[in-house]
Amino acid sequence: MSYFHKKNLYRKLFLGLFLGLILAMVFATTLGAADLSFRDSLHIFAERIPLLRRLLPPSTVADKYQVILWQVRMPRILLAATVGMGLSVVGAALQGLFKNPMADPYIMGVSSGAALGASLGITLLGLGILQGGFTVQLMAFIGALLTVYLVYEIAKVGHRVPITMLILAGVAISAMASAMISILLLLNRDQADQIIFWTMGSVAAARWKQLMWLMPLVMGSSLWIYSYGRTLNLLLSGEDAAHGLGVDVEKTKKQLLFISSITVAFVVSVSGIIGFVGLIVPHGVRLVLGGDHRVLLPFSALMGALFMVFSDTLARTLLAPMEIPVGAVTALFGAPYFIFLLYRAKRKGGFI
Amino acid sequence: MSSLRIRNLSFHYGDQRVLDGFTATLHPGKFYCVLGPNGSGKTTLLKNIQKLLAPKKEAVYLCGKDVSETSIKELAKVLATVPQETSMTFDFSVLDYVLTGRAPHLERFQRESQGDYEAAKEAMEHTGIWPYQQKSVRALSGGELQRVIIARAMVQDPRVLLLDEPISHLDLYHQIHVLELVKQYSRKKNLTVVAVLHDINLASAYGDEMLLLKDGKVFLQGEPHAVIHEQSMQQVYGMDCLVLENPLTGKPHIIPHTGERRKI
């Protein structure tokens, strides 16, 4: 069926899944060491909504649970959802832009650049040269953006940015950054644990203060990327064909690369490197709903959020009280799924 | 008013001069065939008109506007292109694919309207692909796909249609079918068609005017009889041929001299 005839169906499905995501998030708040019922959870949230509060009977939930729920679990779940959404939308857009199924949010070296920045930050903190709570985050952000800028400058040919050059330059710079991280690890064994843990990614340190800027930022950039839906569709039939249909190809590339890099740099600086989400979520959505970016982008956003909430809940409950890094959980679930996709592709003889 | 005017257009790739003072004026409602040997500048010419290469200032005018100063989106409202071959990497339905032709006329968040749908339906019925509207574009044969591309170009509602060797990959039936479709459509909409064709006989049969290119400029322009003759073929292609009159169309028909001759 064509998109033209299914628009309303997609709208309903989107709303349905959105409600599902909200319920899943509320449900996730009930899981953990402190036992809460779904009802208690809902009650605590309802009380936060000004008008609804007056209609409700007074809460019977102990105050400490309110704190756990509101100050610990909720920000964490929201951060997981935000990170999943940002990575998946960017992944979907870059797979379309690069016309490469292996493209993910980190293809231009954002992850290794951020990791190098974070490692440097952790090392310098350890040596007492730098101080402050935001150092690692800031260094990761700067590292991510510097790397992308470097990759972009290397790949540029005049006013054009050939995709192949971007991918190759990304690989080279990533390798260099990884090598530097290894050297840093060797030289600073005291901080090695911390560096390794950072590179595996986590949303455990979520705070409302962070969410206040990260959430609107990721939502805004996702919406911005969504506005490129039709343009990305046109680019799929080739750059020259897209040009013929009124797309300024080079300008579009630059804009999309810019907004993607900024988004991922922010996400990574908060959560560390969480792999596979931005790669497999778009592929999953594409398999079920097709490759039209006007469908792919919004549903990737939802499913990315859902997948991350799911993964992070497993990460903190599976081996409780020990925590598995969420990056390890996404890869643990993501890798087999990805291998399944590869097998499927081999059988069918095509990929996307 | 001319729909496409090219004035003293030159273009270099590095040191290599590909177009050298190309000048031509094309009018609405006419079917132009661009002929010429490989390397005579046909593709470079099309790319300059499309602005895929940057044309000089005041060299290419499309519907009265200087192409070098027109935005890519504005250009797409008056100019559509049918390439030689289109690769389909994604599973779009034929209808959605044809509807992408409306893109230059839509704003960023604007959705295709019922009017756009009607335009797509008309073009698809005209090209005979309406029955496949829900089929995936990847499931089509070469001939069907080229008709889909032409329907998309029609939906774009251009004033000038460029065809870059649109039939070189098609069988004989589809070659004729595609050219017929384009010709009918151009008559109906008073559209200028500029087609690069390698088959001189098909060009002669369908084109109102020929543009014969040599070394980056127009060697001859005019009706088929005025352009396709033994002398010009010898001068441009360096080839001896016999030029007859096609008994069905009355247009020139060439037969190249080949090594083998029958014994009389």
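1. In this note a residue counts as buried if 20 or more other C-beta atoms lie within 10 Å of its own, as exposed if 12 or fewer do, and as partly exposed in between, the C-beta atoms being placed from the backbone. The model is a predicted one, in which local features need pLDDT of at least 70 and side-chain atom pairs count only at pLDDT 80 or more, while totals for chains, interfaces and linings use all residues. Residues are numbered from 1 along each chain as its sequence is written, and chains are lettered from A and ligands numbered from 1 in the order in which they are written.

2. Helix α6 of chain B covers residues 172-189; helices (H or I, at least four residues) and strands (E, at least two) are DSSP runs, numbered from the N terminus. Buried in α6(B) are B:Val178, B:Leu179 and B:Val182, and, seen down the helix axis, the buried residues fall within an arc of 95 degrees, so they line one face of α6(B). The arc is that of the directions from the helix axis to the C-beta atoms. On the other side of α6(B), the exposed residues are B:Leu172, B:Tyr173, B:Glu180, B:Gln184 and B:Lys188.

3. The buried residues of α6(B) pack against α5 (142-155), β7 (160-164), β8 (192-196) and α7 (200-206) of chain B, where contact requires C-beta atoms, placed from the backbone, to lie within 7 Å. After α6(B) comes B:Asn190, whose phi is positive, near 55 degrees.

4. Chain B also holds an open sheet of six strands with mixed pairing, in the order β6-β7-β8-β3-β9-β10; two strands pair if DSSP finds at least two bridges between them. Its edge strands, β6 (79-82) and β10 (217-222) of chain B, each pair on one side only. Within the sheet, β3 (residues 31-35) and β9 (residues 209-214) of chain B pair in the parallel sense over four bridges, and B:Cys33 stands opposite B:Met210 in β9(B).

5. The largest nonpolar core has 171 residues, of which A:Ala93, B:Leu35 and B:Val98 touch the most other members; such a core is a set of buried Ala, Val, Leu, Ile, Met, Phe, Trp, Tyr and Cys residues joined through C-beta atoms within 7 Å. Helix α4 (residues 63-98) of chain A gives the most to this core, with 17 residues.

6. In chain A, A:Gln210 is found in helix α9 (residues 208-226) and is buried, with 21 other C-beta atoms within 10 Å. A:Gln210 and A:Val270 are 60 residues apart in sequence, and their C-alpha atoms are 8.1 Å apart in space.

Methods. Expected span 1.5 Å × (residues − 1). Contact = placed C-beta atoms within 7 Å.
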